[in-house]
Amino acid sequence: MARLELKSVGKSFGAARPADGVSLTVEPGEIVVVFGPSGSGKTVLLRMIAGMFEPDEGEILVGGRSIVGAAPERRGIGMAFQNFALFPHMTARDNIASGLGARAAASDAAPRVEAISRLLKIEHVLGHAPRELSNGQKQRTALARALIGYPDVLLLDDPLRNVDAKLRYEMRLELPNLLRRGAAAVLYVTQDYREAMAIADRIAVLVDGRLEQVASAEQIYVTPASVAVARLFGDPSINLAEVTPFAEHGTLSAMVSGAKVRLGSADGHLPDCPCWLGVRPEDLVISVSASEDAIPAHILAVTPMHEKAVLLLRLSDGTEWLTALPPDAPHGAANDAVFVRFAPEAALLFDRATGLRIGLSHRRQAA
Amino acid sequence: MEHVSLAGRIFRGVALTLILVFFMFPIFWILLMSFQTNEQILRIPPRIYFEPTLANYEALISGQLRTAAGNLQISFMRNLFNSFVLSSAAVVLALLLGVPAAYAFARYKFRLGETIAFTLLSFRFAPPLLVLLPLSLYYQQLGLNDTYFGIVWVYQLIALPLILWIVRGYFEDMSPDIEHAYRLAGHSWREAFTRIAVPLAGPGIAAAGLLSFIFCWNNFVFALILASADKQPVTVGALAFVTASGIQYGQIAAAIVLSVMPTLLLALYAQRYLVEGLSLGAVKG
């Protein structure tokens, strides 16, 4: 069992810089999801580890040994690709057996192929060519090929991208157990934050080639390291407002659309800079009664969904916010005038210059 | 299904028939000629009914050409054999050199890569006659004149660029991820090339090989200048049918039929693989 370590890995393609000082450690048996918007450098990172291209700077270690410059077949890596990358001229069985490498004897391969394909529920299609398989079966075959050799490191490049929605749910439930089976260090790339949260032990958020935050799904949601991270997680996405917080009678407050809202106690250092105020849609409370700390707003539209109702609001200064309410909670109709409140604990404050989160004194400092 | 009007279908049928007759009639006529004597061929008006004779084929196979002026020795079978040896050797050599080169051009960026690839292609632009004078001078100095190897080498001008550019396109169309996947599974670069890249480009390699075989087979000028009688292919050897006592149309027709056979059979055989290649589209998700 070996740990995967990236040490300030950097890579440039001309002016583009898909990896910039990326440092990350993945323990054996751990699943780290690399999450980020498209073009953030996720795939490049994976391909550097796999040896399809080399980093310009930094080190990649597997079990303490550098693999930079080593041939891909000597790195002890298994990989599943977004486009499956099955060998079209071989049967599913031969595709899976090829994962055992050049050394495996044919007699040894057969029972192992049977075992892994039973686990992935594809034993009935082993004799088929890839073109005869459904996308789900293709991806399971590709996963079996990556898993069969018990690699030290498993890389999964958005493996559920081309799989239909129902199957994606199934695989999200199955994958964590499957991936932990060989106690490999698993790096899993996805663009879907729900998938990231379902599968990950830890999530590494990659934005423009830099790791913005590496933490558990819970930590990333509750205490995002930066405004960029906060925006990436959550559906509907986080509400933001430009504020300049001030201290008054021992509390930290800010003016939002004409209302004075409390953000916490002012015993910490006062963030003396323009900030972003962030509030998750599900933390907003709607009421019809005015008060000093309630933000006046209009409902622009109501989108009923099964598990929640989403309201589009326009604050009196023109900012548009979203709220997510339980479907049975009383909410108004379009054009109603309402008032919006949120608890000080729900407020997130980000420095507008750097985008980094500023710790508020009613909660502990950011991880 | 798209609906085509009756008039459209009739027009298409007529057009297809016309094209087929236009292209196939000369070949059909040659086939008929090969079973006629010179006198039967030259009578006016030509007739489609005649007493078939195998004399032309006999003469070709025995190598005895009987003309009004007497018996002539011809080495048609030898020429046919030469054509076969020269073209096959040229294509095999071009495949051995061209397929790995095509792979390199498709997969790796290197200095002057495009320049080299284009230079190789430009060999096809140059008129062969322009190249021949310096080439034959060099060949005399090198002792390559009138050798099988010398002709096979010069045939690379025909076969190599063709194979290189056709096969390169096939390699470029293949997702490199497939080879990466094979290497990550623990296979060497060489294995990824021979077990994944080459089989997947198989139809392209077959098509390129077939085409370059036909081009080599049909070549005339290179062999005319660089080969003497015993190394000549059929294309050059056919000149022997223009004799002092006239042109032997019957034998020429029979010679054409015989010399078209190998390429025709090869094309029919390779067709299976060419079609198979079209159904191998299971690469994309």
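**Figure 1. Residues 220-242 of chain B in the predicted model.** Over residues 220-242 of chain B, 43% of the chain is helix and 4% is strand, with the end C-alpha atoms 16 Å apart. Helices (H or I, at least four residues) and strands (E, at least two) are DSSP runs, numbered from the N terminus. Residues 151-171 of chain B are 100% helix and 0% strand, and there the end C-alpha atoms lie 29 Å apart. An unreviewed UniProt entry lists both stretches under "transmembrane region"; its positions follow the numbering used here, feature names are shortened, and annotations may be inferred rather than shown by experiment. Residues are numbered from 1 along each chain as its sequence is written, and chains are lettered from A and ligands numbered from 1 in the order in which they are written. This is a predicted model, in which local features need pLDDT of at least 70 and side-chain atom pairs count only at pLDDT 80 or more, while totals for chains, interfaces and linings use all residues.

**Figure 2. The two domains of chain B.** Domain 1 covers 6-73 and domain 2 covers 77-278, with bounds from an automatic or database domain assignment. Between them, 19 residues of domain 1 are in contact with 14 residues of domain 2 (C-beta atoms, placed from the backbone, within 7 Å). Helix 3 of chain B gives the most to the domain 1 side, with five residues.

**Figure 3. Confidence along chain B.** The mean pLDDT (the predictor's confidence in each residue, from 0 to 100) of chain B is 84.

Conventions
Two residues are in contact if their C-beta atoms, placed from the backbone, lie within 7 Å.
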